[in-house]
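The sequence and structure come before the details.

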Amino acid sequence: MRNKLKLIRSLVKIALLETVSFRLDTLFGIISSVLWLGIPIAFFKVIYLSVDTIGGWTYKECLLLVGVYTMLDGFLMAFLVKSMPKMENDIREGTLDSVLLKPINTKLYYFFSAIEFTQLVNSFLGLVVIIYACQNIKITLVQLLCFIFSCICGCILYYSLWYLWTISAFWFPTNFGRNDLFLSMIQMSRYPASIYRGVGNIIFNFILPFGLVACPATIILLQAQDWQLLLLQLLMAIIFIFLDHVVWNLGLKKYNGAGR
Amino acid sequence: MGKNAIEVHNLSKEYVINSRGENWAAVAKNIFKPQKSVVKAVQSLNFEIKSGEKVGFIGKNGAGKTTTIKMLTGTLFPSSGYCKVNGYNPVERTNDFKKSISVVMGNRSQLFPDLTPRDYLELLQTMYDIPESVFAKTVANLARILNVTEKLDLQTRKLSLGERMKIEFLAGVATRPKVLFLDEPTIGLDVIAKRDIRKFLVSLNKEENLTVFLTSHDMEDIASICDHLIIVDRGKIIWDGQKQELLNKFSNNKYISFIKSESFNETNIKAKIIDQDDVTTTIKVPAQKVDHVIAQLAQNNQGTDYQINDLKLEDIILELFAEEN
Amino acid sequence: MLKTYLSIGKISLKSILANKSSVVILLLQALVPSLVMFYLWSLILDQGQTIGGFSKNQIVIYYIGVNFINSFVWYAVDWELNDDIHSGELSNIIHRPIAIEKYYFAKMLGDRLANLLLLLPILVIGFLYILLNNLLHVSLMVLVEFAVSIVLSAILWFLFSYIVGSVAYWFDNLFFVLLVKEVVVNLLAGFYFPLEILPSFLVKITKCLPFQYFSSFPIDTLVKGFSLANWGKNTLVELIWAAVFYLMVQIVNKKGLQRYSDVMG
C-alpha cells in the first residue's frame, strides 16, 4: 500500500510539473473553465427569458444542477481527459502490454497516469455556483450526507460510462472521435432528467444513465423526501461497476487472442 | 550542375531552449522569467559529396547528425552558412528540389497505418508526377528485390516492423531521387531485414548512381554500405575521408585481449589500455611489437588466453572520439 | 497538380472506408444531442409557442442540422495541425513536393466526402421523412441556397481553423487554447442554441461576426428560408470573410513555416 501511495505521488508530481510548464495553456485552461460553466448557465438563462419552468424545474434549480454537474465533471475530467485517450490509443496500437506488465492495477495506473489539474478549477467554480444557488434553501445534515453519497455514485457512473466507451476500442479499433463523442454525450447530464418521456426515459436513465449523474444529488438538496432516487442511483452504479469488470476481462481476452 | 551532389559551407545551427529548473522554486521563477540557453547543435561544417557516393555520417547521440540531415533536406533552416543539394538551396524548398531527394527515417513512419502500401505509393506517384507505367515497373522491381511483393496490398498496420521499413525504403527510392537521405534506417530490425536493405542500397547505388547519405549507430551498416565517412563529434567534423583511408591509418595497430592473472598489476602494462573489467583487459600495441609484448606479459605472469585482433571500424571510431577528448 | 489533391482526397476517403465504425460514432455524435434537445424543447414549446421565431418542429430540425454540420462538415484542422507540428509529423509533409495548406485542404475534402458518401442513405431517408411529414416547407431554390451555404461554410471553417491551428508554431501546447476556441466558436456559430433567441443587441453582434456562417446561417437558410436578396447579401459578406481569412492563412503559413524551420524542424 505504501508503495502504491508513493507511485501515485510521483505520478501526481509529474503531472503537476507538466501543467505548470505550459504557461499560456494554463491561462486558457482557466478561461475554458469559466466558459464551460458560463455557457450552460447562459443557455438556461436565455430559455428562462421565455418560460418559467422546464419539466417542473425553475431557473434557480437548473442553476444548482449545472453547478453539481460542473463540479463532478471537473473532478473526473481532471483524471480522465488525458488518460482515457491514452488508454484507447494503447489498446488500438497494441501497446497495452507495457502497462499490463507493470506491477500495478491497470485501472489505477490509467486513472492517475495523466492528471489535468486545470480541470479542478471547473470543480471549484461549480462549487461556487452550488453555494450561490443554495442561498435560500435550508439543508439538513442528513441531506448533505445524502448529497455527498449521491455525488460519489454519480462519479462512479460517469467514470464507468467513459471507461466502457473507451474499452470498446478492443472491438472497434477505429482511430478517431471516440472521446469527442463521449464528451459531447456526457454534457447531456446537465439537463433535468425529468425532460425525458417514454423511450427517452429508458435510454437516458438506464442504458446511458446521464440522467443519474448529477440530477439525483441536486434533487436531494431540493427535496429531502425523494431518497428512493438514491437507491436507484446506487443500484445502477453497482451494475456499471460490474459491467466494467466483465467487459474489461472480455476485452483482454480478445486483445491477448490477437497474438501481437 | 557540377559533379557534387552535396556541398556544405560553414553550416551552423543554434537552438535557444528554455530550461525548466530542477526544483520547485526554479520552476516557479521560470513562469515569470524563462531561463534561456543557446545550444550549438552544429558548428560550421564544411564538406563535399560527389554524386554517386555512399556517405556514412557518424557521431554519438546528440552530435548533430539529424540536425544536419534536416538542414540538407530543407526541413530546418541553418543559423548561418549554407548548403547546396543537387545544385538547389534547400531553404527555398522548390518542388524541383523536393523531387530530387528522398528521406527515410528509421524512427518516424511516413506510411498510413490504415491503408495499404500501394495506396501510399499511388499517392507518391501523383505527388511526384511520375508516369504510371514507369512507376508501376519501378515498384514491382523494387518490391521483388526487397521481398515484399505480396505485402503491397495488405493493411500497413498488419505488417511487421521490418516489412514496414522495407516499404519506406521502397517508397523512398520509387520516386527516383538523386540523393537518398537515411537517418538510422535499420534501427530495431532483424539480421535478415538489415541484410536485404543493405544489398538493396548497394545495388541501387551501382545501377542508378544514387547518392546515399546515411547516419547509423550500426557500424556494420556503415562498413558494408559506405565508402566515404564523415565523423562528427559535438557538432564538429573530426574526420572526413574515404573509409579505406581511415582503416589504413589504424592498420598498424592491433588489440590484444587477455584474461588477467592474480598477479596482474596495471603499472606493469607498458601499452595503452583500451578496455578493462574484472576479468579481462584489452590493450593497443603497434603491429610489429605484438609478439614481443605478449612474450613479456607472459613472462611477468600478467595473464592467460591472449587474443590478437585487428581494429574494427567501431574501434577506430571510438579511438577517434578518444583522441578528440 | 489537381491530380495530387484528388489523390490525397482519395487517401483520406480510403482511410474512412477502412474504419467504417467511425461513421457510426459520428452519427451517434450528431443524433444523441439532437435527441436530448428534442425532449428539452418539446417540453418548453409544448403549447405551440415560438422562440426566436422558431416553432417546435423548426427548432428540433435546427438542432439536428447544427449537429450534423458539427460532425460532418467541420473538420478539426486546428487539432490536427497542432498535433502534427508538435509531433514533428509536419516534417514528413514539408519535404514532399506539395504546399502544406493544400495538403490539409485535400485531406479534409476527402474525409468529409467519404463521410457523406457512407451516410447518404440515412441522410436521404431522414430528409424525405421531414419533407413527407410536412415538418418543413422548402422550395427548390432554398435547397440550392442551402447546398451552396454548406459548401461555403466548410471552406470558411477550414480557413479559420487553419489559422487557429497555426498558432501551434509559436506555442508549446494548445490544448486549452483550442478548447476555448471550440466553445466560443460553437456558441457564436449557433451550435448550442439558435442565435435568434438571444436578446436583440447580442443577436446584432453575432450577426456581424463571421462565425454565424459556420452553422447558424446555412441551417437558418434551410429552416426559415431567406429571400434571395437577403441570402445573397449574407453570402457576399461570407465571401469577403473568406477572402480575408485566405490572406491571413497565407501570412500565418509563411511565418509559421519559417519559425518551424528555425526552431523545431
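Helices (H or I, at least four residues) and strands (E, at least two) are DSSP runs, numbered from the N terminus. Side chains of opposite charge can pair when their charged atoms come close. Over all chains, the structure holds 24 salt bridges.

Twelve residue pairs are in polar contact between chain C and chain B, both residues at pLDDT 80 or more. A polar contact is a pair of N or O atoms within 3.5 Å; within protein, one must be able to donate a hydrogen and the other to accept it, and residues adjacent in sequence count only if both atoms are side-chain atoms.

## Basis of the values

The model is predicted: local features need pLDDT of at least 70, side-chain atom pairs count only at pLDDT 80 or more, and totals for chains, interfaces and linings use all residues. Residues are numbered from 1 along each chain as its sequence is written, chains are lettered from A and ligands numbered from 1 in the order in which they are written, and side-chain values use heavy atoms, with hydrogens and water left out.

## Chain C against chain B: extent and make-up

The contact (heavy atoms within 4.5 Å) takes 29 residues from chain C and 28 residues from chain B. About 2600 Å² is buried between these chains, and carbon and sulfur atoms give 53% of that area. Buried area is the accessible area (1.4 Å probe) that two parts lose on being put together, summed over both. C:H95, C:R96 and C:P97 supply 26% of what chain C buries against chain B, more than any other three residues.

## Chain C against chain A

Here the contact takes 37 residues from chain C and 43 residues from chain A. The two chains bury about 3600 Å² between them, 82% of it on carbon and sulfur atoms. On the chain C side, C:I25, C:Y39 and C:F176 lose the most area to chain A, together 19% of what that side buries.

The count of salt bridges between chain C and chain A is zero, and two residue pairs are in polar contact across this interface. Helices α2 (21-44) and α8 (175-188) of chain C each supply at least two residues of the side that touches chain A. The largest share of that side, 16 residues, comes from α2(C).

## The sheet of chain B

Chain B has an open sheet of six strands in the order β5-β6-β7-β3-β8-β9, with mixed pairing. Two strands pair if DSSP finds at least two bridges between them. The edge strands β5 (101-105) and β9 (236-242) of chain B each pair on one side only. From one strand to the next the twist averages 15°.

Strand β8 (residues 228-233) of chain B pairs with β9(B) in the antiparallel sense over six bridges. B:I231 stands opposite B:W239 in β9(B).

Definitions and conventions. A salt bridge is a side-chain nitrogen of Lys or Arg within 4 Å of a carboxyl oxygen of Asp or Glu. Axes are lines fitted to C-alpha atoms, for helices over the stretch in contact, and angles run from 0 to 180 degrees between N-to-C directions.
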